[in-house]
Amino acid sequence: IAALKQEDVRLDFGNHFYRESMNQQHALNLSGGSERQHYYVSLGYDRNLSSLVRNDQNRFTLNASNTYRFAKDRLELNTGIQYTENRSTSNNPGMNGIRFSDISGAPLYPYARLADASGNALVINHDYRASFLQEANQDGLLNWEYSPLQELYNADHTSRSTDYLLNGGLSYTLIPGLIVQSRYQYGRSLQEGRELFNQESYYTRNQINRLSAVNPDGSLTYPIPMGSILNAENAVVNSHFLRAQLNFNRVIQGDHSI
């Protein structure tokens, strides 16, 4: 008990799971043109390192627009594009994401040790009794031990989102104060998620062992084959917006407006 009083799992989390965060932002804007044409372009890049080791996010943005005037400024054409891409990795669940039992939701005991004095990963009690794991190992099942620090570097979870917006518009002045306008916008959003659990990860070993059966002759039946487990999801959303309208705006004799 006296030895356990000297242990504090928060120190191991601070040394191996957390770091100082860093955020970088880079931007470039260009604009110019002439009496008949005007353009604007902006580029942005953000690189953010989370305070959780192995978690980060990168974002790239592009925004461009052009305006053209014809027919003695009575006809105006507008075009634009917006592009955003986000990439992130989420390999570290943090202190609250690591529990004594994922089955019951019990929190991790405060005297757990995640690494030894040399920084080597240590095994902690998780989900099952140690005696049960020893019996499973003797039966030939995969190693069922759980090491949070090893899981941190076994994880390979990434996500990516891409958004496009393309728009164009025309406006024409019929008579002074009366303008007819039409605008169209197309949007496309792509969402991609990828979770790869290699065979050394606890998730994969746990899935294989839980459904495996020890036959009377001592052989094993594996309903889940050996190898990595990949969870992937993809979503695509397309949108179209079309608008046409008439605008009338005129000042009459300096005192009245319609």
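The model is predicted, so local features need pLDDT of at least 70 and side-chain atom pairs count only at pLDDT 80 or more, whereas totals for chains, interfaces and linings use all residues. Residues are numbered from 1 along each chain as its sequence is written, and side-chain values use heavy atoms, with hydrogens and water left out.

Begin by selecting the sheet, which is open and has seven strands in the order β1-β2-β3-β4-β5-β6-β9, with antiparallel pairing; two strands pair if DSSP finds at least two bridges between them. At its edges are β1 (22-33) and β9 (229-248), each pairing on one side only. Neighbouring strands of this sheet are turned by 5 degrees against each other on average, direction ignored, where axes are lines fitted to C-alpha atoms, for helices over the stretch in contact, and angles run from 0 to 180 degrees between N-to-C directions.

Next select helix α4 (residues 202-211), which packs on the sheet and touches β6 (178-197) and β9; contact means heavy atoms within 4.5 Å. The direction of α4 makes about 115 degrees with that of β9.

Now move to β4 (residues 75-90), which is joined to β5 (residues 155-175) by 15 bridges, the two running antiparallel. Along this pair, Arg87 stands opposite Arg160, and Glu76 has Ser171 as its bridge partner. Towards β3 (residues 55-70), 16 bridges join the antiparallel strands β3 and β4, and among the partners is Asn86 in β4, which faces Arg59. Follow the hairpin of β3 and β4, with four residues between the strands, to find Ala71 at a positive phi near 50 degrees.

Which residues is Thr89 in contact with, leaving aside its neighbours within four places in sequence? They are Arg54, Asn55, Asp56, His157 and Thr158. The side chain of Thr89 also reaches the backbone oxygen of Arg54 at 3.3 Å.

Finally, select Phe13, Phe17, Leu108, Leu114, Ile124 and Trp144, which touch the most other members of the largest nonpolar core, a set of 20 residues. Such a core is made of buried Ala, Val, Leu, Ile, Met, Phe, Trp, Tyr and Cys residues joined through side-chain atoms within 4.5 Å, buried meaning under 20% relative accessible area (1.4 Å probe, protein chains only). Helices α1 (9-16), α2 (130-138) and α3 (148-154) each supply at least two residues of this core. Not counting residues up to four places away in sequence, Leu114 touches residues including Val9, Asp12, Asn120 and Pro148.

Definitions and conventions. Buried < 20%, exposed > 50% of the residue type's maximum accessible area, 1.4 Å probe, protein only. Polar contact = N/O pair within 3.5 Å; in protein donor to acceptor, adjacent residues only side chain to side chain.
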